[in-house]
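This report describes the fold of one protein chain.

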Amino acid sequence: MALASGWRTEARLWLRQNAAALAAFRPAAALLAERERWFLWLPVLLGSGIAAYFALPFTPALAPLRIACGLLAMALVGLAWRRPVWAVAGLPLLLLLSGYWLAAERSANVAAPVLQRRLPASLIEGRVLLAEPRDNGLRLTLDRAWIDRLEPAATPARLRVTLRGVEGMAGPKPGDQVRLRAVLGPPPGPSLPGGFDFARAAWFQRIGGIGYATGMVEILPQLQAPGWGDAWRLWLAYTQQALTARILATLDGADGAIAAALMTGVRGPIPETVDEAFRDSGLAHILSISGLHLVLVSGILFAVIRGLLALSPYLALHWPIKKIAACAALLGAAAYMLISGSALPTQRAFLMVALALGAVLLDRRALSLRSLALAALLLLVLAPESLLDAGFQMSFGAVAALIAAYEALEQPLARWRSHAGPGRMAMLWLGGVLLSSFVAGLGSGLFAAWHFNRFADYALIANLLASPLVSFWIMPLAMLGFALMPFGLEALALVPMGWGVEALIALALWVAGWPGAVATIPAMPDWSLAALAFGGLWLCLWRLPWRWLGLLPILAALASPWFTPLPDLIINQEGRRIALRAGGKDAGSDRYYFSATSNNAGNGAPRGFEAESWWRRLGAPSLLPWPNPSRQAAGGFATGADGSLRCDADGCTARLKGWLIALPRREAALAEDCRTADIVVAPFPVRQRCPAARLVIDRFDLWRQGAHAIYLHGEGGPSFSRLEVQRVAGQRGAKPWLPQRGHAVNSNSAPQRGEAPIIMDDLGGNHLE
């Protein structure tokens, strides 16, 4: 009761203080009063320049950018001597321009050839850089590639090839020279306007072709010894694979896959059902090595080594055992980062841990927003493209929210802890765990909702239950397993670790099975991501009451999905997959027809990665079965469940908001469709054969412009409503990762009849559909 009364008193005091401050708010005075926090906005300004590079449709020449940055920097240095105020005022412009230049420079530095069309099964030779196990195979990343019948100048620097049917860790190892036959294609662009651009991500990894092997892999003798830099990277990749193999040899099934993900960062072998349960329960962050794991590893090492050294009175009195433990913890965290693959979230977490341990060495405060800003600056300078990474945004959002929350609560917590008995301390500990889970989940969950169109409703409960299990059982045993591996005794730690992993999997499956465990959110507009980031930063980086103004853009972004119209028709790049809004009496209920998903009527997700990504971005609407004319009598037609869609052997027609939409499958249907339809979408060339139609989208439009999304605004047909067409090409602009002949999709040769598209799967792999 006393603790609750204290909280109410603090809340009333906080409300009175903030209300009075906001009533007397003066922007200039507030900005000047916050001058100690200006430094925190440096990475924000740099990141804004980077974001501008990726958002704008054009790519400027590097030389003018370099000159402009140099001249502006020299001008500000000159002003700093005579007019410091002007120099400070001009610094934001320099940071914005520098961010734009850094992104353009990075894009040019990683430039490498990209396949411009799909290749039939071809003979390939290359060196294995990575060999990543998957649930149903092995994914190889190759460099130094040679492709049959392809000029060396057009050969990508790296290829990604999936081997199907390879079990466990069998197959080539990093450093092996291999020969195989594979079907390859260019990295795919977005599956619909506004979708994730895998081609952009592949560009910065220098991956210019993806595909799958069609036969056995032959390991060849080494022709050239790697240099010391390559040898180091290959050794790390080989060590990661070897450690993963030992973990999977000790723990089988999902237990071994989760243990491997936590220890070596290899997530591929995790069964899809388990992976989905972790996502739906809000525990997916546990499987991605980031801040939680690095903090646990460094914290455990720090505590154990300091405790062991403290056992000796002489060492405790005469040696700086705290700083020795900090150095050992830093080395252990660095080794863990390298062994786990050094992903971007892991690098961010390591930088934060390094700054915190460095502060211990310098007798400074271990963790602050200033150290977070330094880590962000360093990452953005070294890898500007990381700004677009969902893991970057989620991890920085979570850490910034945690630090800001505990900065604001520092004094109240100190008062509550003073003269606290065991009962109050236990309540404070429980409240701290709940608050940490809630704040971190909110900081990362907002960005997860934008990127993945889903929000785990019970993430707070799941994380509260999982945190003790991960912190006090699984991760300590994982570290003990690492220590025992040189002696071949890792089973002593991994077997009991597997018991904890089993309990973690059971918890994820249990929470994911609760009613309403996942809320699917329709796709947010592009501006909402900027609003979420700006509002969150405004809320976290300032200290005065004007920080609460950051809630306004956050609320606007969260409300945006329900005020943004959904497309009425989506067509993929090949014109073979279509999503069509139902047009019957319940048209406002956002029900959709999905072609090739007739067995998925109801509330389940459609089959295939592309269709499922559409379904989630549409807000997981109910599905109606696509009419199947093959079940009707010869010459008859099949009608959709709401009567708005009719199909026969030659194609389909739909009546939606007064518009007649024709979807011919064969050219024989084109003559009739062109006479009556307002919109014609055909997977074959139409050219000038439909002059009366308001909109014609044929094979060449789809090939050049990518997937299309059509919006019908209003009711009553062409005379009373407006037609809006969005194309992938219109949103991608002219960037280096796009084709070289001016087209907006990754193909420079017209698609041939019978060719299949390459589509990325949900683990970042790819398959032919």
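Contact here means heavy atoms within 4.5 Å. By that criterion, Leu283 touches Phe278, Ala462, Asn463, Ala466, Leu504, Leu507 and Ala508, with residues up to four places away in sequence not counted.

The model is predicted: local features need pLDDT of at least 70 and side-chain atom pairs count only at pLDDT 80 or more, while totals for chains, interfaces and linings use all residues. Residues are numbered from 1 along each chain as its sequence is written, and side-chain values use heavy atoms, with hydrogens and water left out.

**Chain totals**

The chain has 25 helices and 22 strands; these are DSSP runs numbered from the N terminus, helices being H or I with at least four residues and strands E with at least two. Of the 769 residues in the chain, 49% are buried. Buried means under 20% relative accessible area, exposed over 50%, and partly exposed in between, with a 1.4 Å probe and protein chains only. Among the contacts with a separation of 6 or more, 65% are between residues 24 or more positions apart.

A nonpolar core is a set of buried Ala, Val, Leu, Ile, Met, Phe, Trp, Tyr and Cys residues joined through side-chain atoms within 4.5 Å. The largest such core has 53 residues, and Ile258, Phe278, Leu283, Leu294, Met497 and Leu504 touch the most other members. Helices that each supply at least two residues of this core include H7 (228–250), H8 (253–264), H9 and H19. Another core, of 40 residues, lies apart from it and has Leu65, Val110, Trp538 and Leu738 among its members.

Helix H9 (residues 272–281) packs on helix H19 (residues 491–512) at an angle of about 65 degrees, with the axes 8 Å apart. Axes are lines fitted to C-alpha atoms, for helices over the stretch in contact, and angles run from 0 to 180 degrees between N-to-C directions. On the H9 side, Thr273, Val274, Ala277, Phe278, Asp280 and Ser281 meet Leu504, Ile505, Ala508, Leu509, Val511 and Ala512 of H19.

**Sheets**

Two strands pair if DSSP finds at least two bridges between them. Two of the pairs are listed below.

| Strand pair | Direction | Bridges | Facing residues |
|---|---|---|---|
| S9 (residues 569–571) and S19 (residues 708–713) | antiparallel | three | Leu569 and Ile710 |
| S15 (residues 651–656) and S16 (residues 659–664) | antiparallel | six | Leu656 and Trp659 |

**Single residues**

Most residues other than glycine have a negative phi. Arg206, in the loop between H6 (198–204) and S5 (207–213), has a positive phi near 60 degrees. Its relative accessible area is 34%, so Arg206 is partly exposed. Ala620, in the loop between H22 and S12, has a positive phi of about 55 degrees. Ala620 is partly exposed because its relative accessible area is 22%.

Ala249 is found in H7 and counts as exposed at 69% relative accessibility. The C-alpha atoms of Ala249 and Ala491 are 9.6 Å apart, although the two are 242 residues apart in sequence.
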